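Trainee: Could you walk me through this model while I have it open? I'd like to go piece by piece.

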Amino acid sequence: MFALPRLLPVLTLLLAATLTGCGDQSDARQASAPLRLLDLEGREVDPLAESGARVTVLLFARTDCPISNRYAPEIQRLYAAFAPRDVAFFLVYPDPGQTPQAIRKHLEAYDYAFGGLRDPQHAVVELTGATITPEAAVFGPSGTMVYRGRIDDRYVTLGKVRAAPTTHDLEDAIEAALEGRPIDNPTTKAIGCIIADLK
Amino acid sequence: MRNRGPRARLLLAAVAALPVGCDRDGDPDPSPPAAAVSLPSEPLTFTRHIAPIIFENCSSCHRPGEAGPFDLLTYEDVRKRASQIVMVTSDRFMPPWIPVPGYGSLAGERRLTETQIALLEHWVEQGAAEGDPADLPPRPQWPQGWQLGEPDLIVSMPEPFSLAPGDEDVFRNFVIPIPVEERRYVRAMEFRSDNPKVIHHADMRIDRTRGSRERDERDPEPGFEGMDAAGSAQFPDGTLLGWTPGKVASQGPEDLTWRLEKDSDLVLGLHLLPSGKPETVSATIGLFFTDEPPTRYPYSLRLGSMTIDIPAGERDYVIEDSYVLPVDVEVVGIYPHAHYLGHTMRGTATLPDGTTRPLIRIDDWDFNWQDQYWYTEPVFLPKGTTVSMRYSYDNSADNVRNPTHPPRRVIFGGRSSDEMGDLWLQVVPRTARDLEILKADFERKEVNVRIAGLLMKLESDPDDFESHHDLALMYLRLGDAANAVTHFEHAVRIEPGFGGGYYNLGLVRAAQQRHAEAITYFMKALEATPDLADAHNAWGNALIAQGRLDAAAAHYRQALQIDGQFALAHFNLGAIADARGNTDEAIACFRRAATLGPDSARIQSTLGRLLLEQGDVVDALPFLERAVYLRPDAIDDHVRLAQALISNGQADRAVPSLREAVRLAPDSVRLLNDLAWILATHPDDTVRDATQAVTLAERAARMTGRRDASVLDTLAAAYAGAGRFTEAVGTAQSAQQLAPHDPDLAAHLQAYLDGTPYLDASLTRRSD
């Protein structure tokens with residue numbers, strides 16, 4: 001077998017983020033650094049400023065990733081549960097090739113009740129350290145990132161899938177962020193499609 | 001354009017020639033070899049190095065309208081998933097193929113070589129360049145629509161199924177009536193869907209009962225729920241039918257056709273994978289017919305256990321089963337099956353000389369990628385071979401595929417929360433007789449396995465009338481009528497509207513010669529199920545046993561009113577006509593029966609005999625030939641066939657049947673004499689075998705004490721054929737002394753005196 005991290009810069013990145021991210025949140029985004037994303041009209045927006053919500057969840061997605069698509073019902077379940085509690089959700093599309101029109105169609109097909117933003121330059125991908133679709137980044141009331149990683153542990157590898165998840169990492173992280181308490185595992189490994197392929 | 005193809009092919013050839021040291025045929029070592037791959041020193045590009053791998057191994061599924069969730073056709077498609085492709089190919093998640101190579105040579109193996117994986121890896125490492133567009137090989141052309149051409153019959157799911165976006169896999173069985181008016185022979189079947197991306201796999205069975213329809217009717221949604229549709233639906237004639245993404249339609253042996261009867265339902269079991277958004281899925285199956293009845297019949301051997309009972313937390317629960325083949329077979333296909341807890345699987349053949357041949361090995365079973373496999377070449381297993389299976393199951397919490405957390409006890413059953421352990425082998429015996437031997441022998445084994453399973457099931461659900469009925473049938477197969485009657489009675493007591501139960505009770509009583517009692521059961525059967533044609537037929541048979549021919553005929557006619565295609569009812573009416581001397585009517589009935597029942601030796605033989613008796617030799621031949629084929633041990637059929645062929649001027653073709661008849665009845669002078677005569681005097685050199693004729697005729701002469709003129713005539717002809725004229729003349733003279741006025745004998749003697757053998761021209765002439 002071949003050692004994958006040697007070959008895939010993206011995994012090296014993941015490893016680095018994990019090393020520095022565990023236990024403290026100093027690597028997380030500085031409160032002052034804005035998140036620069038594009039809305040579907042091409043305007044630059046900072047979702048944190050835009051929503052003004054207590055907690056903001058970014059979900060990295062692509063229109064053609066079967067795993068992030070299979071998570072659509074679960075993402076919507078979380079949205080329905082937390083939106084009333086002042087939590088904002090945004091899908092973030094890092095594929096520069098996916099047009100606003102394709103994204104609108106995707107949001108509609110999967111019946112998403114919230115909006116999508118684009119990250120064609122991977123500015124927010126790099127800032128958060130996200131490597132996979134689907135992967136979540138959760139920002140707490142102070143504007144710092146308190147969690148980045150998987151939605152749950154349903155996927156063990158691409159080929160090994162649990163019948164039902166045994167952890168609900170994203171749900172737990174949002175809950176903790178709302179309550180202002182630290183998160184046990186601020187970073188987890190997401191399974192899905194590799195964002196670095198989208199350069 | 002002229003440059004592209006050849007260059008690409010050249011490259012593929014070069015890659016294949018690299019000393020990769022993997023995929024060796026028959027290599028029993030499953031551990032991946034050290035990656036001694038050597039790669040081109042030039043920079044790797046998509047168009048030159050990667051596209052051939054992708055086109056050959058990925059694109060057939062990863063293209064529009066096919067099962068792959070995204071396309072892999074262009075540089076852009078591949079670049080956008082480049083490191084992902086490296087990841088899934090190096091851990092061999094893709095292309096999906098779970099059997100370990102080297103354990104049985106399976107057709108359609110989807111496996112990349114170590115070299116191909118290394119090429120992908122280094123290409124990504126070097127920056128995943130596109131390269132010169134001129135290097136791009138032509139994209140493979142896939143046939144549009146049906147892969148096997150236009151089907152003879154297309155059937156579809158009655159309505160599309162709506163698949164909700166939930167996150168649980170869905171197992172749904174759809175019952176699709178197949179509108180054929182008469183029996184057809186199916187040579188191939190092709191599965192297509194409008195939405196293959198949500199179908200993980202499909203299996204197809206045929207139900208000749210109403211069992212699956214009833215399950216469908218009990219379930220308010222289209223189809224019915226369940227992981228294993230089996231029940232009354234079966235693999236037809238032992239033919240494994242299934243579809244998985246990437247599978248080319250009908251890879252099975254070409255001459256293995258199966259019988260599709262009128263009023264059959266196709267039961268299509270779909271394992272569906274929700275996509276995250278609402279989906280609809282429908283499926284269409286194309287059937288390809290042939291007019292030729294099958295000449296070889298496969299049979300499915302199912303090894304495994306029906307008493308699986310895995311304690312919660314058990315990491316290594318093992319089931320084993322084996323069977324000793326009573327005849328030679330060729331194994332053409334294999335289908336391993338378990339649910340989510342299955343872990344390792346082994347199928348092995350141990351030959352009589354002790355050598356072993358692996359049939360299949362799976363080290364990390366994945367229910368999602370189950371498949372029915374064909375062997376690249378049939379695997380010959382001689383009589384006395386032990387075929388065996390060993391599966392292990394992991395019911396611990398560490399098994400991520402375990403559907404239940406925390407684990408609980410899991411028992412045998414068809415639901416996704418139950419477990420199964422089957423290893424199906426599709427085998428082809430050499431002859432119809434061997435098939436019968438195998439069937440009878442294997443059924444005894446199968447019956448005991450099923451009885452154990454049904455008793456376990458009835459323990460938890462004593463009022464399950466179907467299980468009582470199934471159990472009764474199993475006891476019947478073991479010849480245990482008392483237990484069978486007990487459970488049939490249980491079944492009709494629990495479900496009084498169950499005509500089949502009364503019918504079977506009637507059959508048991510009829511077999512015990514208790515005909516009056518049998519008739520009361522057939523009456524009850526028809527009260528419960530008025531369209532049960534079989535009950536009328538059996539009622540007719542019971543009346544025949546009582547000598548009441550008119551009443552019997554009335555019931556056969558009633559059976560035919562319900563089902564005009566009922567071969568046996570036609571046959572029975574013919575038998576009544578024959579018994580009454582109404583030969584023309586009998587022949588007409590038998591002809592109808594023979595068309596509808598081409599696999600009943602009794603029907604074919606009876607019609608052939610009657611036609612032959614009427615002097616209708618040419619007409620009789622095909623039926624006699626079919627009878628001999630279906631029932632090779634029936635000496636009368638061989639004799640009649642030989643007789644018909646000889647009088648039709650085809651004595652050469654009579655030789656095999658006469659030989660077989662001599663083998664079956666070595667003391668028959670007449671058979672020895674006829675065979676020896678043909679071998680001694682046939683005008684065709686290639687048919688004659690004077691040496692053998694002498695041996696046979698000498699035996700016949702000894703048996704008759706040299707007192708039979710025609711036997712001596714034959715012996716003389718055999719000597720002459722062998723150039724032994726002195727003995728020929730002496731023997732012919734002895735014959736002449738026994739029958740002094742026979743002009744033929746005189747002519748034969750004269751020929752031998754002249755030093756020429758006698759050739760019988762009448763053997764190549766029709767005698768009218």
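Trainee: Which residues of helix α6 of chain A are buried?

Mentor: In this predicted model, the buried residues of α6 (residues 100-109) of chain A are A:Ile103, A:His106 and A:Leu107. Buried here stands for 20 or more other C-beta atoms within 10 Å of a residue's own, exposed for 12 or fewer, and partly exposed for anything in between, with C-beta atoms placed from the backbone. Helices (H or I, at least four residues) and strands (E, at least two) are DSSP runs, numbered from the N terminus.

Trainee: Why do they line one face?

Mentor: Seen down the axis of α6(A), the buried residues fall within an arc of 100°, so they line one face of the helix; the arc is that of the directions from the helix axis to the C-beta atoms. In general, an α-helix has 3.6 residues a turn, so residues three or four places apart point the same way.

Trainee: What's on the face turned away, and what does the buried side pack against?

Mentor: The face turned away from the buried side carries the exposed residues A:Gln101, A:Lys105 and A:Glu108, while the buried residues pack against β4 (87-93) and β5 (116-118) of chain A. After α6(A) comes A:Asp111, whose phi is positive, near 60°.

Trainee: Before I go on, how are the numbering and the confidence limits set?

Mentor: Residues are numbered from 1 along each chain as its sequence is written, and chains are lettered from A and ligands numbered from 1 in the order in which they are written. Because the model is predicted, local features need pLDDT of at least 70 and side-chain atom pairs count only at pLDDT 80 or more, whereas totals for chains, interfaces and linings use all residues.

Trainee: OK, chain B then. How many helices and strands does it have?

Mentor: Chain B has 24 helices and 22 strands, and its C-alpha atoms fill a box of roughly 105 × 70 × 45 Å along the principal axes. Of the 768 residues in chain B, 45% are buried.

Trainee: Which strands make up the open sheet in it?

Mentor: The open sheet has four strands in the order β15-β20-β17-β18 of chain B, with antiparallel pairing, where two strands pair if DSSP finds at least two bridges between them. Its edge strands are β15 (317-324) and β18 (356-362) of chain B, each of which pairs on one side only. β15(B) pairs with β20 (residues 386-393) of chain B over eight bridges in the antiparallel sense, and there B:Glu320 stands opposite B:Arg390.

Trainee: And β5 of chain B, how many of its residues are buried?

Mentor: Eight of the nine residues of β5 (residues 199-207) of chain B are buried. Eight bridges join β5(B) to β10 (residues 265-272) of chain B in an antiparallel arrangement, with B:Arg205 having B:Val267 as its bridge partner. Two bridges join β5(B) to β8 (residues 242-243) of chain B, also running antiparallel, and in that strand the bridge partner of B:Asp203 is B:Gly242.

Trainee: Switching topic: how many residues are in the largest nonpolar core?

Mentor: The largest nonpolar core has 103 residues, and those with the most contacts inside it are B:Phe522, B:Ala676, B:Ala697, B:Ala716 and B:Ala718. Such a core is a set of buried Ala, Val, Leu, Ile, Met, Phe, Trp, Tyr and Cys residues joined through C-beta atoms within 7 Å.

Trainee: Last one: how many residues of chain B are in contact with chain A?

Mentor: 29 residues of chain B are in contact with 29 residues of chain A, contact meaning that the C-beta atoms, placed from the backbone, lie within 7 Å. On the side of chain B that touches chain A, α4(B) gives the most, with seven residues.

Conventions:
Two residues are in contact if their C-beta atoms, placed from the backbone, lie within 7 Å.
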